[in-house]
Amino acid sequence: LGQWPVSLAPGMSWGEAEQQILARLPDVVSEIVAQCVTDTLLRTPQPPGAGEYEPPYHGEHAWIDWSCPFEEIARMCLATRPKTGALTALDGRRQCIWSVGLAEGLDAGSAAPGTILHLDAAGRPVVACGLEQGLTIEQIVAYGAVRDSRGWRDFVPGRRFRVAAGGRS
């Protein structure tokens, strides 16, 4: 029935985008109703190929493929918020990754993607990912809350996050 632009800032999570869209909704509905009342509503079909449906990031879509580059993993974290965060597993235990940062100047070299390379100066795990990049896990979801990744005994250098088919480790 109508299309209205919404500005989305780089680095905005799905939850933040959803709030911005919902904030526009009362005005959009009022405008549609007013156009219906005055018989001025123009129906504009979606042009073919202009806008695609993407499935929500849940279930198997929410699991991190550590062979992907940093940017893709960071987007996955944003796309899964405020629900779970992106999912992965470490020794069979599910982990929810809320936010990541690029490990600047790091060349993960031949390390297998998903390997915890070391802890950074702040004590956060640095993990090898695609394109021989490394990322820092900044925040995780644990015990029902978003928490800093420092100090978690599971995050030990040399251990490897892994995900097999279907999101199971």
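This report describes the helices, strands and nonpolar cores of a predicted model.

Residues are numbered from 1 along each chain as its sequence is written. Because the model is predicted, local features need pLDDT of at least 70 and side-chain atom pairs count only at pLDDT 80 or more, while totals for chains, interfaces and linings use all residues; side-chain values use heavy atoms, without hydrogens and water.

**Helix H1**

Helices (H or I, at least four residues) and strands (E, at least two) are DSSP runs, numbered from the N terminus. H1 bends by about 35° at Leu 25, with Pro 26 following within four residues. The bend is the angle between axes fitted to the seven residues ending at a residue and the seven starting there. Gly 15, Ala 17, Val 28 and Ile 32 are the buried residues of H1, where buried means under 20% relative accessible area, exposed over 50% and partly exposed in between (1.4 Å probe, protein chains only). Just after H1, Asp 39 has a positive phi of about 55°.

**Strands**

Two strands pair if DSSP finds at least two bridges between them.

| Pair | Sense | Bridges | One bridge |
|---|---|---|---|
| E1 and E2 | antiparallel | five bridges | Leu 90 with Arg 93 |
| E2 and E5 | antiparallel | six bridges | Ser 99 with Gln 139 |

E1 and E2 form a hairpin with two residues between them, and Asp 91 in the turn has a positive phi of about 55°. Seven of the 10 residues of E2 are buried, so E2 is largely enclosed by the rest of the structure.

**Cores**

A nonpolar core is a set of buried Ala, Val, Leu, Ile, Met, Phe, Trp, Tyr and Cys residues joined through side-chain atoms within 4.5 Å. The largest has 21 residues, and Trp 66, Leu 135 and Phe 161 have the most contacts inside it. H2 (70-79), E1 (86-90), E2 (93-102), E4 (125-129) and E5 (133-142) each supply at least two residues of this core. Its largest share, five residues, comes from H2. Beyond its neighbours within four places in sequence, Trp 66 is in contact (heavy atoms within 4.5 Å) with residues including Ile 73, Val 127, Leu 135 and Phe 161. A second, separate core of five residues includes Ala 62, Trp 63, Leu 87 and Ala 89.
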